[in-house]
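I opened the notebook on this one with two topics in mind.

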Amino acid sequence: MAHPHDTLFDVDGALIVGAGLAGLFTALKLAPHPVTVLSPMALGEGASSAWAQGGVAAALRDDDSPAAHARDTVAAGAGTVDPAVALSVAGEAAQRIEDLAGLGTPFDRDAAGRFLQSREAAHSAHRVVRVKGDAAGRAIMQTLIAAVRATPSIRVIEGIEVDDLALAEGRVAGVFARRSSDPWSAPILFRAPQVVLATGGIGGLYQITSNPSRVRGQGLGMAARAGAVIADPEFVQFHPTGIAVDRDPAPLASEALRGEGAVLIDETGKRFMVAIHPDAELAPRDVVARAVHHHIAAGHRVFLDTREALGARIAEHFPTVAGYCREAGIDPVTEPIPVAPIQHYHMGGVRTDEAGRTSLAGLWAVGEVACTGLHGANRLASNSLLEALVFGARIATGITTGIAGTTPAATGRPTGTLPTTAPEIDILPEAALAELRQIMTADVGVERDAAGLTQALRTIARIERESQGTGRALLNMLTAATLVAAAALRRTESRGGHARADYPETDPAQARQTLITLDQALAIRADAEETAP
Ligand SMILES: Cc1cc2nc3c(=O)[nH]c(=O)nc-3n(C[C@H](O)[C@H](O)[C@H](O)COP(=O)(O)OP(=O)(O)OC[C@H]3O[C@@H](n4cnc5c(N)ncnc54)[C@H](O)[C@@H]3O)c2cc1C
């Protein structure tokens, strides 16, 4: 039954949902155009962006070029990156780094003032700008937050979680939201001519993730429910070296440690990666994640050994990782760090064009919730913050210039009756959530097969039936999970972040982006339900 909304806010200009790097940078680029940013928590909290360790990829040195950066991006993406997107994003990287530096980001620099850049796996050059070794995310976010607070055209509303897009006259016309601390609070309708979705990834769909716990596929789910075309949802990146200390979210031992010579060993001290790939620990992230997964499944424990490569230098060069270890009672100078693969990044998302527009009029998507074609089947390290910066700037330009196409000019305020679809309450039933996260990890995780994916889809459908009436937060997560599992079942090959035990080869005939709507995913789910167990 329709529920009358108790509160209505009319937003001038643009409404940005989510306050990670993507949301905040877009807001700053929109200034002085009026913008409202909704954040479930205090600014800086609850966003993956603040936890980024490596930094931002940008070809800035004389021995590097945007063309080389684009080539590496295309190679990492395993055959499905859009090369034009890769080249244009790499070409805009230097300007976006200058934007961040201009706002005051304290990037590491050499004595001559040039950016110090790290080399990360699958990059052919030293290309990643960083802050204090492994603290880029926190420093960039602190800089952006200070700038946002000092910008009069940006209104930030904290403590608000969005759970539905509002539609009117065939376009997105706002969002339904609630107080994030109170599932019983009345729905609030924010009506806005332009909505920018910047809600991050899907980590919380999985049992163990590196993402903050509110980053759990809600934006993907609500956009799909509103009819948006979704791209590549099956491509999920697992980080091979989550620090296995029984914490959720799990802290991460950055890839750069392996770049510095740290090795993976098991409980017998054996370096098992040597037999698996010529690059051993520096093999592509998905190869290492699968190897660690298989080794643990075979009954071993796996550790990252930094003792010889870094010794006591780890505290100075990787203060974030050293701090995580200290908190867990591990001394990486004298003992190896226990690790396991964890969900880390979502290559797929709400499909956008080169300007950041989704298939729904009035809706833009930026950052990890979007799928722009840059990452293909596998993200190149440190390309995600870059993508958020580049597309945030493009969306700001698109909104302020009122680019032609699917969206009307920024002044075009929607009229007509807005649907009142928000439910009475919005609680997340703990048992249902735990079951969803368990099945996603077991059957839609590092390695998948038809039997497991079919079972996962059946379980997701059952949870959805059993939890009707509990609100949109769980429904959004179940929707996102349905998209990932359905697309994974449909892709009968292994490619990048999608590994099928029953289809281990890459099939050249399937070298294309997946485009899928929720209706199509639900049809695949219905077929799975009909398949005898
Ligand atoms: C530990 C870690 C290390 C990483 N290291 C790097 C790195 O070195 N380089 C790199 O390029 N990438 C890195 N990544 C990936 C990168 O950090 C993310 O892809 C990127 O920060 C995503 O930015 P975002 O703004 O899209 O999302 P986030 O920063 O996750 O922000 C999402 C925002 O949306 C809000 N939100 C979510 N749901 C809702 C809702 N329903 N309603 C309202 N708001 C909502 C969240 O609270 C948050 O404010 C790392 C990720 C992690 C987790």
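I looked up C325 first. Its relative accessibility is 0%. The cut-off for buried is under 20% relative accessible area, so C325 counts as buried.

I turned to C371 next. C371 has a relative accessible area of 3%. That is under 20%, so C371 is buried as well.

I then searched the whole structure for disulfides and found 0. I note that this is a predicted model.

Ligand next. Which residues come nearest to the ligand? I listed 37 residues around the ligand, and S49, G54, V162, E368 and S384 come nearest.

I checked polar pairs. S384 places a polar side-chain atom 2.7 Å from a nitrogen atom of the ligand. The backbone contributes too. A polar backbone atom of A22 lies 3.0 Å from an oxygen atom of the ligand. For L21, a polar backbone atom is 3.3 Å from a ligand oxygen atom.

How much of the ligand does the protein bury? I computed 1000 Å² exposed for the ligand taken alone, and the protein buries 97% of that.

I sorted the shell by element. The elements giving two or more residues to the shell around the ligand are α1 (21-30), β8 (160-168), α5 (218-225), β16 (337-346) and α10 (383-401). Of these, α10 gives the most, with 3 residues.

The shell around the ligand holds 18 polar, 15 nonpolar and 4 charged residues.

Technical notes: Residues numbered from 1 in each chain as written. Predicted model: local features only at pLDDT ≥ 70, side-chain atom pairs only at ≥ 80, totals over all residues. Heavy atoms only, no water. Near = heavy atom within 4 Å. Polar contact = N/O pair within 3.5 Å; in protein donor to acceptor, adjacent residues only side chain to side chain. Areas by Shrake-Rupley, 256 points an atom, 1.4 Å probe, with all protein chains shown as cover. Helix = DSSP H or I, 4+ residues; strand = E, 2+ residues; numbered from the N terminus. Nonpolar A, V, L, I, M, F, W, Y, C, P; charged D, E, K, R; others polar. Disulfide = S-S within 2.5 Å. Buried < 20%, exposed > 50% of the residue type's maximum accessible area, 1.4 Å probe, protein only.
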